[in-house]
Amino acid sequence: MFEVTAAPMPKALDAAPAREPGAYEALVREIGEDGACEVRDVFWSETCARLQLFRTLSLARHLARITREAHSLKSAAGTFGYVRLAALALRLEQTAETLGEAEFHGLLDLMDAAYAAARAQEPQG
């Protein structure tokens, strides 16, 4: 599907669309409307839970889990073309071990905002 290969600079990220046009339609062509709706519903549920989980984890004690969860979020968001959310998850995955707690929580705030923007642009289907 869609793969994010580099963490964009913050200004470039602000300009990135919340959703890649055509990504959901490509998924529908691949697995059908019913399947795409079902998988998207699971994505929203799991992403909401994952974002809440990040808020409960400490970088110092849960670095490996944070990195693994960020990787999973990046992949899932990319599948649906949620570019901004995927890029932020990639940034977390790649920089988790160098972030301080304040930076970590700032990044989580950006991820929450990207999630909200992606939900606002959710295709009807």
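This is a predicted model: local features need pLDDT of at least 70, side-chain atom pairs count only at pLDDT 80 or more; totals for chains, interfaces and linings use all residues.

Me: Why are α4 and α6 called roughly parallel to each other?

Reply: The axes of helix α4 (residues 59-79) and helix α6 (residues 101-120) cross at roughly 25°. Angles under 35 degrees count as roughly parallel, and α4 and α6 are therefore given that description. Their axes come within 13 Å, and α4 passes α6 in a left-handed crossing.

Me: Which residues make the contact between α4 and α6?

Reply: On α4 they are Leu59, Ala60, Ile66 and Leu73, and on α6 they are Glu101, Phe104 and Met111.

Me: What makes up the contact of α4 with α6 by class?

Reply: There are six nonpolar residues, one charged residue and no polar ones. Glu counts as charged, whereas Leu, Ala, Ile, Phe and Met count as nonpolar.

Me: Why is His71 called partly exposed?

Reply: His71 has a relative accessible area of 36%. Buried means under 20% and exposed means over 50%, with partly exposed in between, so His71 falls into the intermediate class. His71 lies in helix α4, and an unreviewed UniProt entry lists His71 under "modified residue: Phosphohistidine".

Me: What makes Glu25 partly exposed?

Reply: The relative accessible area of Glu25 is 36%, a value between the limits of 20% and 50%, and the label therefore applies. Glu25 is placed in helix α2 (residues 23-31).

Me: How many residues separate Glu25 and Phe80 in sequence?

Reply: Glu25 and Phe80 are 55 residues apart in sequence, with 9.2 Å between their C-alpha atoms in space.

Methods:
Residues are numbered from 1 along each chain as its sequence is written. Side-chain values use heavy atoms; hydrogens and water are left out. Axes are lines fitted to C-alpha atoms, for helices over the stretch in contact, and angles run from 0 to 180 degrees between N-to-C directions. Helices (H or I, at least four residues) and strands (E, at least two) are DSSP runs, numbered from the N terminus. Angles under 35 degrees count as roughly parallel, over 145 as roughly antiparallel, 65 to 115 as roughly perpendicular and the rest as oblique. A crossing is left-handed if the near helix is turned anticlockwise from the far one by less than a right angle, and right-handed if clockwise. Contact means heavy atoms within 4.5 Å. UniProt positions are given in the numbering used here, feature names are shortened, and annotations may be inferred rather than shown by experiment. Buried means under 20% relative accessible area, exposed over 50%, partly exposed in between (1.4 Å probe, protein chains only).
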